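Have the structure open as you read.

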Number of protein chains: 2
Amino acid sequence: MKKVTLDVQGMSCGHCKSSVEGALKGLDGVSGAEVDLASGKVDVTYDDAQVTMAAMREAVEEQGYDVVA
Amino acid sequence: MKKVTLDVQGMSCGHCKSSVEGALKGLDGVSGAEVDLASGKVDVTYDDAQVTMAAMREAVEEQGYDVVA
């Protein structure tokens, strides 16, 4: 398992947190996703044999948020 | 049909808008609910023979927002 922190813009409330965490956890290979609303950081735990960074970014962007790093 | 504008605090995004509009429209007697996020105003169209102001306030508060007027 690897860990990465994504920097996401536009998450403003608990619904946003749930959407982003749900989208990431819905990907095969993602075992954990935790949003910190105050900082806009999302800590993701994943298996890089199963899921790419690009797929994770796309999952977040599909929910309507920008991944800035 | 009557119209009232509720003043709601804490709505920050499209999810919040959907939650509040959905909760109000789910009440018998509410035929329309429209949130303006920028102002925090919610325009509600309702039948006062079927639904009370108290029930509408409660529906919004159950979603986690404060009705201030």
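## Helices on the sheet in chain A

Let's start with helix H1 (residues 14–25) of chain A, which lies across S2 and S3 of chain A and runs at about 165° to S2(A). Helix H2 (residues 53–62) of chain A packs on the sheet too, touching S1, S2, S3 and S4 of chain A, and its direction makes about 35° with that of S1(A). Bear in mind that this is a predicted model.

Those two helices go with four strands in chain A. Read from the N terminus, the elements come in the order β-α-β-β-α-β.

## How the chain A strands line up

The four strands of chain A form an open sheet in the order S2-S3-S1-S4, with antiparallel pairing. At its edges are strand S2 (30–36) and strand S4 (66–67) of chain A, each of which pairs on one side only. As a reminder, strands of a sheet pair through backbone hydrogen bonds, either parallel or antiparallel.

Strand S1 (residues 2–9) of chain A pairs with strand S3 (residues 41–46) of chain A in the antiparallel sense, over six bridges. One spot to look at is A:Thr5, whose bridge partner in S3(A) is A:Asp43. S1(A) also pairs with S4(A), again in the antiparallel sense, this time over two bridges. There, A:Val8 stands opposite A:Val67 in S4(A).

## Chain A by the numbers

What box do the C-alpha atoms of chain A fill? Taken along the principal axes, roughly 30 × 20 × 20 Å. As for burial, 39% of the 69 residues of chain A count as buried. Chain A exposes about 3,700 Å², and carbon and sulfur atoms supply 44% of that area.

The contacts have some reach in sequence. Take the contacts in chain A between residues at least 6 apart in sequence: 59% of them join residues at least 24 apart.

## Over to chain B

Chain B has an open sheet of four strands as well, with the order S2-S3-S1-S4 and antiparallel pairing. Strand S2 (30–36) and strand S4 (66–67) of chain B stand at the edges with a single partner strand each, so one side of each has no neighbour in the sheet. Helix H1 (residues 14–25) of chain B packs on this sheet, where it touches S1, S2 and strand S3 (41–46) of chain B; its direction makes about 165° with that of S2(B).

Helix H2 (residues 53–62) of chain B lies across S1, S2, S3 and S4 of chain B, running at about 35° to S1(B). Within the sheet, strand S1 (residues 2–9) of chain B and S4(B) pair in the antiparallel sense over two bridges. B:Gln9 stands opposite B:Asp66 in S4(B).

## The nonpolar core

In soluble globular proteins, nonpolar side chains tend to be buried together. Here the largest nonpolar core has 38 residues. Which residues have the most contacts inside it? They are A:Leu24, A:Val42, A:Val44, B:Leu6, B:Leu24, B:Val42 and B:Val44.

B:Val44 is a handy one to zoom in on. Leaving aside neighbours within four places in sequence, B:Val44 is in contact with residues including B:Val4, B:Leu6, B:Leu24, B:Val30, B:Ala33 and B:Met56. B:Lys2, B:Lys3 and B:Gly32 are on the contact list of B:Val44 too.

Methods: Residues are numbered from 1 along each chain as its sequence is written. Chains are lettered from A and ligands numbered from 1 in the order in which they are written. This is a predicted model: local features need pLDDT of at least 70, side-chain atom pairs count only at pLDDT 80 or more; totals for chains, interfaces and linings use all residues. Side-chain values use heavy atoms; hydrogens and water are left out. Two strands pair if DSSP finds at least two bridges between them. Contact means heavy atoms within 4.5 Å. Axes are lines fitted to C-alpha atoms, for helices over the stretch in contact, and angles run from 0 to 180 degrees between N-to-C directions. Buried means under 20% relative accessible area, exposed over 50%, partly exposed in between (1.4 Å probe, protein chains only). Accessible areas come from the Shrake-Rupley method with a 1.4 Å probe; for residues, only the protein chains shown count as cover. A nonpolar core is a set of buried Ala, Val, Leu, Ile, Met, Phe, Trp, Tyr and Cys residues joined through side-chain atoms within 4.5 Å.
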